[in-house]
Amino acid sequence: MNRAIAIALTAFVTTVTYAAPPSIGFSKAAAYDVVSQEKISEGDNDYIFSCVASKAIGKEERAHTMVKAIMDIQSASPDIKIALHLAPDRALCQEGRLIGASYYSPDGSGWKGVGRGSWTWNISTTGKKVTEQEISDTVLYEKSKPEFKKKFGDLYYSEKLDEYVKSQLGHEPKYVTTGLWVDTYHVE
C-alpha cells in the first residue's frame, strides 16, 4: 500500500510544471509587495493577474523583480498563465502609473494579443526614474480622483483636480507618467 501511494505521489509531482526563470534570471530583484492578485478562468485556460509594488530602479532591477514575483506566484500555482504589473507604490497599481508589465506562459505558446509568436516570458519595463515627489503627488491625485470625477464628470474633472492638488502641495505637481507602453526588455 505504501508503495502504491509513493508511485501515485511521484506521478502527480512529475506532472506539475514549475517555471524555469528566463535566461536573465532574477538575482538583482528588489523587494516587492503583492498589492492585488486575482485568478480568472476562461474556457480551458486559467490566469492569474497580479500587481506588485516595488522601489526597484532601472530596467534590469525592475525586470528581475517581476521575474522573482512571477516565480513566487507560480510556485504556488503551477501550470497557469500569469500577468504581472509593477507599480512604484501600492496606491499606483493602475494603468498609466505602472513601471513594468510581464507575462508568463508555462507552455511556451505566448498569449493572444501580447507580443508576437510563441514565448514563455515577455517582460517590458522602463528605465524612467520615478521620484518620491512624483509618487506622493500622484498618490494624492489618484486618491482624490473619484470625488472629482463624481463632482465634475469624466470629461471635466482633470483640470479642477490638478488645481486642487497644486493648492494642497503648494507647488506644481509632478506625476508618475509611465504606462503599459513601456519598452520591451526581454522575450524568450
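# Briefing on a predicted single-chain model

From the N terminus on, the elements of the chain run α-β-β-α-β-β-β-α-α-β. This is a predicted model, in which local features need pLDDT of at least 70 and side-chain atom pairs count only at pLDDT 80 or more, while totals for chains, interfaces and linings use all residues. Residues are numbered from 1 along each chain as its sequence is written, and side-chain values use heavy atoms, with hydrogens and water left out.

**Overall make-up**

- The secondary structure of the chain comes to four helices and six strands; helices (H or I, at least four residues) and strands (E, at least two) are DSSP runs, numbered from the N terminus.
- The chain has 188 residues, of which 40% count as buried; buried means under 20% relative accessible area, exposed over 50%, and partly exposed in between (1.4 Å probe, protein chains only).
- Among the contacts in the chain with a separation of 6 or more, 65% are accounted for by residues 24 or more positions apart; contact means heavy atoms within 4.5 Å.

**The disulfide**

- A search of the whole structure finds one disulfide, a term for a pair of cysteine sulfur atoms within 2.5 Å.
- This disulfide joins Cys51 to Cys93, with an S to S distance of 2.0 Å.
- The pair links distant parts of the chain, 42 residues apart: Cys51 lies in strand S2 (residues 45-53), and Cys93 lies in the loop between strand S3 (81-87) and strand S4 (100-104).
- The torsion about the S-S bond of Cys51 and Cys93 is about -85 degrees, so the disulfide is left-handed.
- Cys51 is buried, at a relative accessible area of 5%, whereas Cys93 is partly exposed at 23% relative accessibility.

**Helices H3 and H4**

- Helix H3 (residues 132-152) packs with helix H4 (residues 157-169) at an angle of about 135 degrees, and their axes are 9 Å apart.
- That angle makes H3 oblique to H4, because angles under 35 degrees count as roughly parallel, over 145 as roughly antiparallel, 65 to 115 as roughly perpendicular and the rest as oblique.
- For these values, axes are lines fitted to C-alpha atoms, for helices over the stretch in contact, and angles run from 0 to 180 degrees between N-to-C directions.
- H3 passes H4 in a right-handed crossing; a crossing is left-handed if the near helix is turned anticlockwise from the far one by less than a right angle, and right-handed if clockwise.
- On the H3 side, the contact is made by Asp137, Leu140, Tyr141, Ser144, Lys145, Phe148, Lys149 and Phe152.
- On the H4 side, the contact is made by Tyr157, Ser158, Lys160, Leu161, Asp162, Tyr164, Val165, Gln168 and Leu169.
- The residues of this contact of H3 with H4 divide into nine nonpolar, three polar and five charged; Ala, Val, Leu, Ile, Met, Phe, Trp, Tyr, Cys and Pro count as nonpolar, Asp, Glu, Lys and Arg as charged, and the others, Gly among them, as polar.

**Lys28**

- Lys28 is found in the loop between helix H1 (2-15) and strand S1 (33-42), and Lys28 is partly exposed, with a relative accessible area of 42%.
- Leaving aside neighbours within four places in sequence, Lys28 is in contact with Glu60, Glu61 and His64.
- Lys28 and Ala63 are 35 residues apart in sequence, and 8.8 Å apart in space from C-alpha to C-alpha.

- Asn45 is found in strand S2 and counts as partly exposed at 35% relative accessibility.
- Asp79 is found in the loop between helix H2 (58-76) and S3, and Asp79 is partly exposed at 42% relative accessibility.
- Phi of Asp79 is near 60 degrees, a positive value in a residue other than glycine.
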